[in-house]
Amino acid sequence: MTHVHVVGLGMGPQHLTAEGAAALAGSDYVVAVRKDEHDELLEVRRRVATDHGLDLVEVVDAERDRADPGDYPGAVAAWHAARADAWARVLGARGGTATYLVWGDPSLYDSTLRVLDRAAERTPLTWDVVPGISAPQVLAARHRVVLHEVGQPVHLTTARRLAKDVAAGQRNLVVMLGSGASLERLAALPDWSIWWGANLGALGERLVAGRVGDVLGSVHAAREAARAEAGWVMDCFLLRAPA
Ligand SMILES: C[S@@+](CC[C@H](N)C(=O)[O-])C[C@H]1O[C@@H](n2cnc3c(N)ncnc32)[C@H](O)[C@@H]1O
């Protein structure tokens, strides 16, 4: 039987909680997915493993078929199944207690828990979850804002869904999983307010806030500057309709 501590790493080693460190101290190794040859976030995990005197065991990520965006759920399900096979092979062969370091928190746009569910159908496996600091939390902290107005909701969504969610009446959204191209869609909302951040808590961190129509150019430039400095870029933002 293999046991996995699924530990939220936050946006880097400085966010590892005492509970996460205790999970690492009780582990035989760290397991991590390699997405490509130059995986900067894998290197962050390697540093955490080394700092805790643990080996990092790599699972090479399954290829994801992005050819047919029409069947997004189908493509993701196939990808999760291929990932589960790879995880079951590595964890079944190695056994013992592993820590998997999730970027941010495992509850937000992360497939680890779904993949473990499926891997457990292939090899004897148990797991527990240690929460971490998510990107929206760091975004709110950096901008010193509350993610919603008093007593009001916040809608957490993806850049892919943004136009649909706005059309459906959402007025206060946190948007993740975007790209430079998806930022273009913000041009349709010039009077909304944005609090944007890239590479939060990491090399290349950039912040921009203001009226969308005034700051969209700065957001694009800051995104490119973050990528140039760190070699990678991830961003998210809070978007609020005018009162
Ligand atoms: C696969 S999701 C993982 C989210 C993560 N589990 C969390 O709790 O924040 C990746 C998305 O999270 C956001 N993100 C992750 N790290 C970030 C960072 N350092 N700065 C800004 N956004 C980040 C971006 O929207 C990115 O596209």
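This is a predicted model: local features need pLDDT of at least 70, side-chain atom pairs count only at pLDDT 80 or more; totals for chains, interfaces and linings use all residues.

Author: **The domains and the ligand**

Residues are numbered from 1 along each chain as its sequence is written.

Start with the domains. Eight residues of domain 1 are in contact with nine residues of domain 2 (contact puts two C-beta atoms, placed from the backbone, within 7 Å). The side of domain 1 that touches domain 2 has two nonpolar, five polar and one charged residues. Here Ala, Val, Leu, Ile, Met, Phe, Trp, Tyr, Cys and Pro count as nonpolar; Asp, Glu, Lys and Arg are charged; the others, Gly among them, are polar.

Now the ligand. Which residues come closest? They are Gly-104, Ser-134, Ala-135, Met-176 and Leu-200, out of 20 residues that surround the ligand (a residue is near if its C-beta atom, placed from the backbone, lies within 6 Å). Strand 8 (193-198) and strand 10 (235-240) are the elements that give two or more residues to this shell. Helices (H or I, at least four residues) and strands (E, at least two) are DSSP runs, numbered from the N terminus. By class, the shell holds 12 nonpolar, five polar and three charged residues. Both domains take part: domain 1 and domain 2 each supply at least three residues.

Next, the core. The largest nonpolar core has 31 residues, and those touching the most other members are Ala-135, Leu-139, Val-175, Cys-236 and Phe-237. Helix 5 (135-143), strand 7 (172-176), strand 8, helix 8 (212-230) and strand 10 each give two or more residues to this core. Helix 8 gives the most, with five. A nonpolar core is a set of buried Ala, Val, Leu, Ile, Met, Phe, Trp, Tyr and Cys residues joined through C-beta atoms within 7 Å. Buried means 20 or more other C-beta atoms within 10 Å of the residue's own, exposed means 12 or fewer, and partly exposed is in between, with C-beta atoms placed from the backbone. In soluble globular proteins, nonpolar side chains tend to be buried together.

Ala-135 links the two stories. Ala-135 is one of the closest residues to the ligand, and Ala-135 also belongs to the largest nonpolar core. Beyond its neighbours within four places in sequence, Ala-135 is in contact with Met-11, Gly-104, Met-176, Leu-200 and Cys-236.

Follow helix 8 for a moment. Ala-222 lies in helix 8. Is Ala-222 buried or exposed? Ala-222 counts as buried because 22 C-beta neighbours lie inside 10 Å. Leaving out residues up to four places away in sequence, Ala-222 touches Ala-198, Arg-206 and Val-208. Gly-197 is 25 residues from Ala-222 along the chain, and their C-alpha atoms are separated by 8.9 Å.

Two loop residues deserve a look. Asn-199 lies in the loop between strand 8 and strand 9 (206-211). Asn-199 is buried, with 23 C-beta neighbours inside 10 Å. Asn-199 is not a glycine, yet its phi is positive, about 50 degrees. Leu-177 sits in the loop between strand 7 and helix 7 (180-183). Leu-177 also has a positive phi, about 60 degrees, without being a glycine. Most residues other than glycine have a negative phi. Leu-177 is partly exposed, with 14 other C-beta atoms within 10 Å.

Finally, step back. The protein chain has eight helices and 10 strands. Its radius of gyration is 19 Å, close to the 18 Å that the globule rule gives for 243 residues, so the chain is as compact as a globular protein of that length. That radius is taken over C-alpha atoms, and the rule is 2.2 Å times the number of residues to the power 0.38. The C-alpha trace spans about 55 × 40 × 40 Å along its principal axes. Of the 243 residues, 33% count as buried. Among contacts between residues at least 6 apart in sequence, 69% join residues at least 24 apart.

Definitions and conventions: Domain bounds come from an automatic or database domain assignment.
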